[in-house]
Amino acid sequence: AHILSGAVMDPRALNELIPDWKEQGAPLNVPVTEDKFLFLSETGAKSVPNWALPDNFKNHGNYVISLANVTRWLGQQAEALGVEIFPGFPAAEVLYNDDGSVKGVATGNLGVGKDGEPTGNFQLGMELHAKYTLFCEGCRGHLGRQLNEKFKLGKDSDPQVYGIGIKELWEIDPSKHQPG
Ligand SMILES: Cc1cc2nc3c(=O)[nH]c(=O)nc-3n(C[C@H](O)[C@H](O)[C@H](O)COP(=O)(O)OP(=O)(O)OC[C@H]3O[C@@H](n4cnc5c(N)ncnc54)[C@H](O)[C@@H]3O)c2cc1C
């Protein structure tokens, strides 16, 4: 419901999942035609020759996409297979069985005022029970952190590390735009 980013997408996983994605109308329309990697300084920019870049910076065979369009399309494919999607409902709580295993999640209550009291739009959260519950909250989900703590998931792992990436959206003169 709130995917905004543009991205460069490697279609490898999509090729495996939905081999005929092109015929199915997946919105991957702009193949990458040129890569540039620049070091910016106060006095100018130095470009790095493509052969000197690690593979993950080489984008030939990839697509420049709108992530909003691609996730919307993927959502439709999942719904066509009978998957129910509840965009806009956060999972607020992990539910457990008596034996301590995960039973599912509960969504948060909607329509609660700033004072914590229910408003006229109040709607009680739902309990969703499942045989398997997959948590994919991103790199630092709040339920994920609780599960980490409870099941000691990080016990034999290196500490989690983070990097910050910044994207800038530029509006340019359309005559200067070159797809890919
Ligand atoms: C600036 C930037 C640029 C990037 N550019 C690219 C790129 O061009 N190409 C590329 O391949 N990768 C790119 N990446 C990396 C890529 O975006 C991530 O690796 C990828 O999105 C991680 O996927 P994920 O499913 O683990 O988590 P996310 O994409 O973070 O998805 C987690 C989702 O769970 C939702 N969520 C969290 N908690 C809850 C909850 N309790 N209940 C319900 N929903 C919840 C979040 O709202 C989110 O939608 C970029 C990353 C950044 C930060």
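Predicted model: local features only at pLDDT ≥ 70, side-chain atom pairs only at ≥ 80, totals over all residues.
**Gly88**

I started with Gly88, which sits in the loop between α2 (67-80) and β6 (91-96). Helices here are DSSP runs of H or I with at least four residues, strands are runs of E with at least two, and both are numbered from the N terminus. Gly88 is exposed, with a relative accessible area of 56%. My cut-offs, with a 1.4 Å probe and protein chains only: buried is under 20% relative accessible area, exposed is over 50%, and partly exposed is in between. I also looked up Ala1: its C-alpha is 6.1 Å from that of Gly88, though the two are 87 residues apart in sequence.

Residues are numbered from 1 along each chain as its sequence is written, and side-chain values use heavy atoms, with hydrogens and water left out.

**Domains**

Next I checked how the protein is divided. The assignment gives domain 1 (1-84) and domain 2 (89-169); such bounds come from an automatic or database domain assignment. The C-alpha centres of domain 1 and domain 2 are 28 Å apart.

**The ligand**

Which residues surround the ligand? I listed His2, Ala7, Val8, Pro90, Ala91, Cys136, Glu137, Gly138, His142, Gly165 and Lys167.

By class, I have five nonpolar, four polar and two charged residues in the shell. In this scheme Ala, Val, Leu, Ile, Met, Phe, Trp, Tyr, Cys and Pro are nonpolar, Asp, Glu, Lys and Arg are charged, and the others, Gly among them, are polar.

Then I looked for polar contacts, meaning pairs of N or O atoms within 3.5 Å (within protein, one must be able to donate a hydrogen and the other to accept it, and residues adjacent in sequence count only if both atoms are side-chain atoms). A backbone N or O atom of Val8 is 2.9 Å from a ligand nitrogen. For Cys136, a backbone N or O atom is 3.4 Å from a ligand oxygen. Lys167 uses a polar side-chain atom, 3.3 Å from a nitrogen of the ligand. On its own the ligand has 1,000 Å² of accessible area, and the protein covers 41% of that. Accessible areas come from the Shrake-Rupley method with a 1.4 Å probe; for residues, only the protein chains shown count as cover.

**Asn59**

I found Asn59 in the loop between β4 (45-47) and β5 (63-66). Is Asn59 buried or exposed? Asn59 is buried, at a relative accessible area of 16%. Not counting residues up to four places away in sequence, Asn59 touches Val8, Val32 and Asp35; contact means heavy atoms within 4.5 Å.

**Thr107**

Thr107 belongs to strand β7 (residues 102-107). Thr107 counts as buried because its relative accessibility is 11%. Its side chain reaches the backbone nitrogen of Met126 at 2.8 Å. Beyond four places in sequence, the contacts of Thr107 include Phe89, Pro90 and Leu128.

**Ser47**

Ser47 lies in strand β4 and counts as exposed at 53% relative accessibility. Setting aside residues up to four places away in sequence, Ser47 touches Phe37 and Leu38.

Terms used:
Near = heavy atom within 4 Å.
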